Amino acid sequence: MTIGERIKKRRTELGLSVDDIAEKLGKGRATVYRYENGDIEKLPTTVLEPLAIALKTTPAYLMGWEENNENNTAPDYSNIKGIMPIPEMRKVPLLGAIACGEPIYREEDEWISLPNDIKADFCLRCQGDSMIDARINDGDIVFIKSCPEVENGQIAAVSIDNEVTLKRVFYYPEKNRLVLYPENKSYEPFVYMNEELNDIRILGRAVMFLSGVK
């Protein structure tokens, strides 16, 4: 059985329409038809995991890694100490990339799932190594809660001349001075003062990051 056949089989078992799945994924119905018609050899992780959740099954089943699960449902590990069930999920937009180094441009790209209890409005994919001492590595996804100000010492997404960087923020209003600190001793802080602040704004506070297993 192909990936597409497993997707369609599971969808029909649940009585869901193509439009239902498209809405859950935040994609068009044509994209779901493309998945089911076998126009792809494998699904990217950003699609596979939300699709498995929408179909109440496992990524392993959809990819054909487990063929012995007769009910096509996720295994029940609830009786094992230390294992927590998957929480209710929602999606936020992934707005391109954010520099962990020099600022880079951001643009709307796709949607990423996160637990409902995480108070975030959008997320950005990190590029660079300037935040590694905060355990934020190149390629990690950082979830941002929109707000125009943050407390000193908090990590925030900061727009500088319409380009965005992720740094630890310290603002000194009495000196009209903003300092953006990297979390890597190899990098110097960015210091902005007076008129330079006119082109800088806080987009939001970092509340969580998603990192792959290495």
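Reply: Strands β6 (163-172) and β9 (200-210) each supply at least two residues of the lining of the second largest pocket. A strand here is a DSSP run of E, at least two residues long, numbered from the N terminus. β9 gives the most, with 3 residues.

This is a predicted model, where local features need pLDDT of at least 70 and side-chain atom pairs count only at pLDDT 80 or more, while totals for chains, interfaces and linings use all residues. Residues are numbered from 1 along each chain as its sequence is written, and side-chain values use heavy atoms, leaving out hydrogens and water.

Now the pocket itself. On a 1 Å grid over the protein atoms alone, a pocket is an open set of points where a 1.4 Å probe fits, with protein on both sides within 12 Å along at least five of seven lines; lining residues have an atom within 4 Å of a point. The second largest pocket holds about 270 Å³ of space, a volume being the space filled by probe spheres set on the points. Its lining includes V169, Y171, I200, R201 and I202. P148, E149, V150 and N152 also line this pocket, as do N176, L178 and L197. By class, the lining has 8 nonpolar, 2 polar and 2 charged residues. Nonpolar covers Ala, Val, Leu, Ile, Met, Phe, Trp, Tyr, Cys and Pro; charged covers Asp, Glu, Lys and Arg; the others, Gly among them, are polar.

Stay with β6. T165 is found in this strand. T165 is buried, at 1% relative accessibility; buried means under 20% relative accessible area, exposed over 50%, partly exposed in between, with a 1.4 Å probe and protein chains only. The side chains of T165 and K167 are joined by a polar contact of 2.9 Å. Such a contact is a pair of N or O atoms within 3.5 Å, one able to donate a hydrogen and the other to accept it; residues adjacent in sequence count only if both atoms are side-chain atoms.

The model has 1 aromatic pair. F170 and Y181 form it, edge-to-face, at 5.3 Å centre to centre and 85° between the planes. Rings of Phe, Tyr and Trp (its six-membered ring) pair if their centres lie within 6.5 Å; planes under 30 degrees apart are stacked, over 60 edge-to-face, the rest tilted. F170 lies in β6 and Y181 in β7 (residues 177-181), so the pair ties together parts 11 residues apart in sequence. F170 is partly exposed, with a relative accessible area of 23%. Y181 is partly exposed too, at 33%.

How values were computed. Helices (H or I, at least four residues) and strands (E, at least two) are DSSP runs, numbered from the N terminus.
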